[in-house]
Amino acid sequence: DVIYIFCTEAASKINWENNGHEKVREEIENVGLYERLQQLNLKAKVEKILIKEGFSNAEVWELFQTVYNKLALEDVVYLDITNAFRSIPVFSSTLLNYARFLKKIKVEQILYGAFEKLGPAFKVYEMKLADRVAPVLNLTNIEQLQQWTHAAQMFLETGSTRYLNNMVSNEENTALNNFELEINEVRGLDIYSGESASKIPSQFEHFTIPNSPFD
């Protein structure tokens with residue numbers, strides 16, 4: 001396993017290294033992220049990768065390529081966008097779909113620490129350290145909805161049920177797949193019997209997208 005921390009030169013100087021902030025409150029140790037991660041004794045390797053700020057189209061594409069190059073074939077990805085620029089969620093969605101197609105990655109979780117729920121920074125400074133606990137949002141289901149949209153589109157445009165089947169089952173021998181094979185191979189008797197087609201609704205009966213309005 002490996003943890004990649006993508007940061008600009010400014011972020012590296014201010015947050016990665018020690019004593020990056022000139023003014024801090026006395027109760028906060030001025031220790032950089034790198035040293036804090038080292039103190040955790042993680043088994044995973046931690047690597048900092050410098051990226052552009054993305055303030056031009058050329059920098060955005062360079063950033064895209066930098067992140068993409070760090071993904072290996074069939075990687076399982078956990079993406080934290082807590083401290084990212086506001087354009088990163090749109091950027092990352094496209095990047096993950098691209099890598100899912102070309103490198104067959106699996107997106108396990110997309111996470112966001114909602115620090116702003118604690119209030120403005122000046123109010124947070126007045127809070128005790130023990131009370132500065134922000135909720136961590138799991139945004140993976142929103143990304144999954146994009147996959148559902150693609151699967152539905154492929155079904156409507158091509159009649160292929162493969163993508164829908166992959167969303168609801170890890171098995172190949174399902175009513176969805178069997179029905180598609182019957183159509184593609186013109187199995188008249190099987191199509192006429194309707195056995196596979198009649199079983200398709202039950203494959204979706206107990207499937208929901210957790211914490212979404214699309215159950």
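Guide: Start with Glu 47 and Lys 70, whose side chains form a salt bridge at 3.0 Å, N to O. The pair links distant parts of the chain, 23 residues apart. Glu 47 lies in strand S2, and Lys 70 in the loop between helix H3 and strand S3. Keep in mind that this is a predicted model.

Visitor: Why is the pair of Glu 47 and Lys 70 called a salt bridge?

Guide: The cut-off is 4 Å between a Lys or Arg side-chain nitrogen and an Asp or Glu carboxyl oxygen. The N to O distance here is 3.0 Å, so the pair qualifies. Glu 47 and Lys 70 also belong to a salt-bridge network with Lys 45.

Visitor: What makes Lys 70 partly exposed?

Guide: Its relative accessibility is 27%. Buried means under 20% and exposed over 50%. Lys 70 falls in between, so it counts as partly exposed.

Visitor: Why do Lys 199 and Glu 195 count as a salt bridge?

Guide: Their closest N and O atoms are 3.4 Å apart. That is within 4 Å, so the label holds. The two are four residues apart in helix H10, about one helical turn.

Visitor: How do you know whether Glu 195 is buried, exposed or partly exposed?

Guide: Glu 195 has a relative accessible area of 49%. Exposed needs over 50%, and buried needs under 20%, so Glu 195 is partly exposed.

Visitor: How many salt bridges does a search of the whole structure find?

Guide: Six. Another of them joins Glu 185 and Arg 187, at 2.6 Å between the closest N and O atoms.

Notes
Residues numbered from 1 in each chain as written. Predicted model: local features only at pLDDT ≥ 70, side-chain atom pairs only at ≥ 80, totals over all residues. Heavy atoms only, no water. Buried < 20%, exposed > 50% of the residue type's maximum accessible area, 1.4 Å probe, protein only.
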